[in-house]
Amino acid sequence: MKKLLILLLLPLSLFASLNIAVTYPYIGALTKEIGGEHVDVEVLAKGNWDPHFVVPRPSLITKVRNADALIMNGAQLEIGWLPPLIRRAGNNKVTPNASSFLNLAQHIELINKPNSVDRSGGDIHPDGNPHFHLNPANVITLAEVIKDFLTKLDASNSEIYNTNLLSFKEKWEKKLLEWQTKMESKKGLKVIQFHDNLAYFNKAYGLNNLATIEPLPGIPPSSKHTIELIKLIKEQKPCCILHDVYHSTKTAEFIQEKTGIKIILMPHDISALDSIEDLTSLFDYLTGAMQ
Ligand SMILES: [Zn+2]
C-alpha cells in the first residue's frame, strides 16, 4: 500500500511547482526568470497602480491564501495593504517570520532615510526610499537574493536556479553597459519629480533631483509648495518634471504653464505603461525617455 502511494505521488512531486505570491510585477518577472517552469507566480499589485496604495480585494486574499511562499518589496512600501491581506488569508507559510517569506528590502542599502520622521505628517518613506529596483544595478542583487530564496525552498532544483541566475546576469550586465553609455551625457542634469520614485535611478546615473511636487513623500501638493517650486524652477532651470503614471499631472501642468518646463512620464514597473512588457523594456524606456 505504502509503495503504491509513493508511486502515485511521485509523478506529482516531479511536476509540482512552487506557487509564489509577489507584491509587484518586477518581483514576479525576476522570480519567473530564476524559477522558470518550477514556479507559478501570482502578482498582487498591477503595474499601473500606486504601489503605496493597493486595495486589499478578496481576489488578492485568495492568492495569498493559496501561496507556498511570498516575496515583498519591503521598506514600508506595502505597509498600508499587505498586512491586512496576510491577516485575512490565514496562511502560516506567508507570515513575516516564516522561512517561506522574503523581504527584499532587507538585502538592499536604502537611501534618503529621513533624519526625523513625523508620522502624523504622513511621510510614506519613513525607513528610507523603498523604490530601489529602479537602480538597474540593484536588480542583480535582487535576482541573487531570489535565487537563494528559491534554493532554500526547493533544493532539488538548485542547479537550475543557479544556471538561470547566471544567464540572467550575463544578459543584464550587457544591458547595464548599454544604459550607462546612453545616460553618460546626462550626468548632473537637474530634474524635478512628482514623487521620489526615481531616487535610485537618479543616483545611478548622476541626475540631480532638485525637488518633488509633493512637499513630502505621500503628501499632496500644496499651493505654498507649488509657488516655491515655480520660483526654484525659474532660478535653477531643471530640464524636466519626471512624473509617475498614477498621480494626476494637474499640478505638473500648472507648473509647466508658468515655467515652460517639460513633463516626462516615467513608468515605475512592468505594465505601468502598455509598452513596458518586461524589466528590460522598463529600463530601455526610462533611459530612452531622458534622451
Ligand atoms: Zn514612494
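The legends below describe close-up views of a predicted model.

View A. Four strands form an open sheet in the order 2-1-3-4, with parallel pairing. Strand 2 and strand 4 (101-103) stand at the edges with a single partner strand each, so one side of each is left without a neighbour in the sheet. On average, neighbouring strands of this sheet are turned by 20 degrees against each other, direction ignored.

**View B. The pairing of strand 1 with strand 2.** These two strands pair in the parallel sense over 5 bridges. Within the pair, I20 stands opposite V41 in strand 2.

**View C. Helices packed on the sheet.** Helix 2 packs on the sheet and touches strand 1, strand 2 and strand 3. The direction of helix 2 makes about 175 degrees with that of strand 2. Helix 5 also packs on the sheet, where it touches strand 1, strand 2, strand 3 and strand 4. The direction of helix 5 makes about 165 degrees with that of strand 3.

**View D. Helix 2 and its surroundings.** Of the 11 residues of helix 2 (residues 25-35), 8 are buried, so the helix is largely enclosed by the rest of the structure. The buried residues are P25, Y26, I27, G28, L30, T31, I34 and G35. They pack against strand 1 (18-22), strand 2 (39-43) and strand 3 (69-72). Their other packing partners are helix 5 (136-153), helix 6 (158-183) and helix 10 (279-289).

**View E. The residue after helix 2.** G36 follows helix 2. The phi of G36 is positive, near 55 degrees.

How values were computed: Residues are numbered from 1 along each chain as its sequence is written. This is a predicted model: local features need pLDDT of at least 70, side-chain atom pairs count only at pLDDT 80 or more; totals for chains, interfaces and linings use all residues. Side-chain values use heavy atoms; hydrogens and water are left out. Buried means under 20% relative accessible area, exposed over 50%, partly exposed in between (1.4 Å probe, protein chains only). Contact means heavy atoms within 4.5 Å. Two strands pair if DSSP finds at least two bridges between them. Axes are lines fitted to C-alpha atoms, for helices over the stretch in contact, and angles run from 0 to 180 degrees between N-to-C directions.
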